[in-house]
Amino acid sequence: MEKFEGTSILKEIAIGKIHYYSKEKQVVQRNRVDDTEAELRRYEAAKEKALRQLHELYEKARKEAGEDSAAVFDVYAMILEGDQFDASIRSAIESQNVNAEYAVAVAGDDLAKMFEAMDDEYFRARSADIRDLSERLISILQGDSVKSAPGVGAVILAAKDLTPSETVQMDKSRLLGFITEFGSSNSHTAILARTMNVPALMGIPVDEHLEGRIAIIDGVNAALILDPDEETLEYYQEKKRENKRRRELLQELKGKEDVTLDGKHIRLYANIGSVEDTAEALANDAAGIGLFRSEFLYLGKSDYPTEEEQFQAYRTVVQNMAGRKVIIRTLDIGADKQADYFHLDHEDNPAMGYRAIRICLDREEIFRIQLRAILRASAYGNVGIMYPMIISVDEVRRCKEILNEVRGELENREFPVGEIEQGIMIETPAAVMISDLLAEEVDFFSIGTNDLTQYTLAIDRQNAKLDPIYDSHHPAVLRMIRMTVENGHKGGCWVGICGELGADTALTGEFLWMGIDELSVTPASVLPIRKIIRESTVK
Ligand code: PEP
Ligand code: MG
């Protein structure tokens with residue numbers, strides 16, 4: 001039995017077998033597959049994805065470095081589409097019943113060796129291209145394995161690091177928890193774990209030797225226990241049962257109002273990052289969605305989601321919430337949330353860089369497509385829209401102008417569009433300081449304490465080393481919240497919190513005294529907060 005300490009993301013327990021997910025060094029295992037047809041389809045899908053990536057890389061290289069440099073990506077695409085490579089992969093899957101990763105690795109290796117043995121220098125050089133290409137295919141296939149880890153049943157996923165885009169693609173039904181070596185507890189990967197209610201630890205040494213070992217994530221004590229003995233296993237199984245009983249006790253709060261003892265009604269909403277998360281929000285009886293992080297629809301994809309795709313996603317959430325409020329935050333891409341097809345330049349300081357509303361107001365067509373999708377979905381329920389990373393009145397006015405234009409276009413084309421409340425995220429000190437002016441422009445404020453803490457304290461939320469001093473309870477942050485509530489109310493706005501601090505039960509009482517109108521929290525935090533609201537007074 002071994003024990004490691006890390007940083008806990010959720011105070012829950014997970015017990016299970018570890019699956020090691022590697023992206024740096026491809027560990028390709030030979031697995032037997034019974035359904036070769038399904039495996040061939042996996043390979044086909046990966047091949048399609050690789051071809052799309054290669055096409056994008058070709059275009060990017062052509063623009064930035066010219067046709068000659070871009071040509072290499074065309075060569076890759078030719079190999080991928082050519083008969084020889086494709087035939088050996090298919091034949092290995094079909095005749096040897098092996099998994100696609102293994103078939104690609106062997107076919108890639110054989111072909112690369114064949115080229116290496118050629119006399120012609122040009123062809124010899126192609127062997128490196130083939131290795132590169134088969135690595136690309138394998139990592140796409142292994143990316144799938146983050147979504148659905150191989151083997152039967154659910155696993156604890158172990159990775160050196162996980163990006164938000166990898167996390168958002170995971171199949172939650174097969175995920176007991178995850179551990180990473182790197183990553184900060186304020187990152188979007190951590191936030192996603194909380195939204196999915198999945199126990200996670202960061203700062204745990206991770207390597208391939210963890211594969212297949214039994215582990216316990218003790219989220220309360222921020223510890224990972226490897227190869228637990230019988231007694232320890234029994235202890236944690238009992239703890240898990242206790243937690244379940246505790247959660248069951250909260251179930252009696254379902255259907256009850258979010259009202260304080262002295263009669264103030266609070267909007268108690270849930271944060272979601274995907275259409276699927278709506279089920280958790282409903283299961284926990286959230287009165288609405290206070291933050292739909294729409295950018296997660298853009299992550300883990302090889303191209304922009306279309307208007308139709310987005311419309312379907314928003315409409316599904318809105319319909320499932322059946323008249324309850326759904327606040328969709330417009331695209332907040334950038335910083336740790338990256339999608340290759342945006343082709344964002346490398347930045348030294350991306351958290352303060354080209355991101356969120358700055359991209360939307362610069363690349364208006366992307367923004368307009370999203371606004372069209374949101375407005376169309378608004379006809380199906382009670383939709384709000386909010387803009388992230390606002391620092392000026394001009395930005396807000398421009399957003400409203402564009403929304404009006406898009407609404408006009410839709411109405412001309414006779415699309416039904418609903419009434420929509422417009423709000424902004426208050427997550428920069430600038431927005432707090434001009435919140436009196438901003439309140440004149442919008443219907444509501446939603447305080448993003450994750451970024452507000454980062455910018456107020458000048459502490460990079462991605463930097464795990466600074467986790468101990470990233471203090472959302474800092475008086476500067478609490479004063480900012482109070483100022484925002486006061487200015488918002490004076491200007492006729494309702495004011496909520498959708499950052500992680502909103503779920504901090506140690507502060508619920510204080511937020512209520514400040515006059516907060518809404519708290520939007522991870523779905524699993526809804527009932528514990530309801531309990532406190534119902535036991536509190538606002539005066
Ligand atoms: C925030 O900054 O508090 C927020 C809710 O947005 P995100 O965490 O997605 O940056
Ligand atoms: Mg933010």
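Entry 1, helix packing. I found that helix 12 (residues 364–377) packs against helix 13 (residues 393–412) at about 60 degrees, with the axes 9 Å apart. Helix 12 is therefore oblique to helix 13; angles under 35 degrees count as roughly parallel, over 145 as roughly antiparallel, 65 to 115 as roughly perpendicular and the rest as oblique. I noted the crossing of helix 12 and helix 13 as right-handed, the term for a near helix turned clockwise from the far one by less than a right angle, anticlockwise being left-handed. The axes are lines fitted to C-alpha atoms, for helices over the stretch in contact, and angles run from 0 to 180 degrees between N-to-C directions. Helices (H or I, at least four residues) and strands (E, at least two) are DSSP runs, numbered from the N terminus.

Basis of the entries. I am working from a predicted model, in which local features need pLDDT of at least 70 and side-chain atom pairs count only at pLDDT 80 or more, while totals for chains, interfaces and linings use all residues. Residues are numbered from 1 along each chain as its sequence is written, chains are lettered from A and ligands numbered from 1 in the order in which they are written, and side-chain values use heavy atoms, with hydrogens and water left out.

I looked up helix 16 and helix 17 (residues 475–490), whose axes come within 10 Å and cross at roughly 125 degrees. Helix 16 and helix 17 are therefore oblique to each other, and their crossing is right-handed.

Entry 3, ligand 1. I counted 16 residues around ligand 1 (a heavy atom within 4 Å), the closest being H188, R293, R329, G448 and N450. Helix 16 supplies the largest share of this shell, three residues.

I recorded a polar side-chain atom of H188 at 2.7 Å from an oxygen atom of ligand 1, and one of R293 at 2.8 Å from an oxygen atom of ligand 1.

Terms used:
A polar contact is a pair of N or O atoms within 3.5 Å; within protein, one must be able to donate a hydrogen and the other to accept it, and residues adjacent in sequence count only if both atoms are side-chain atoms.
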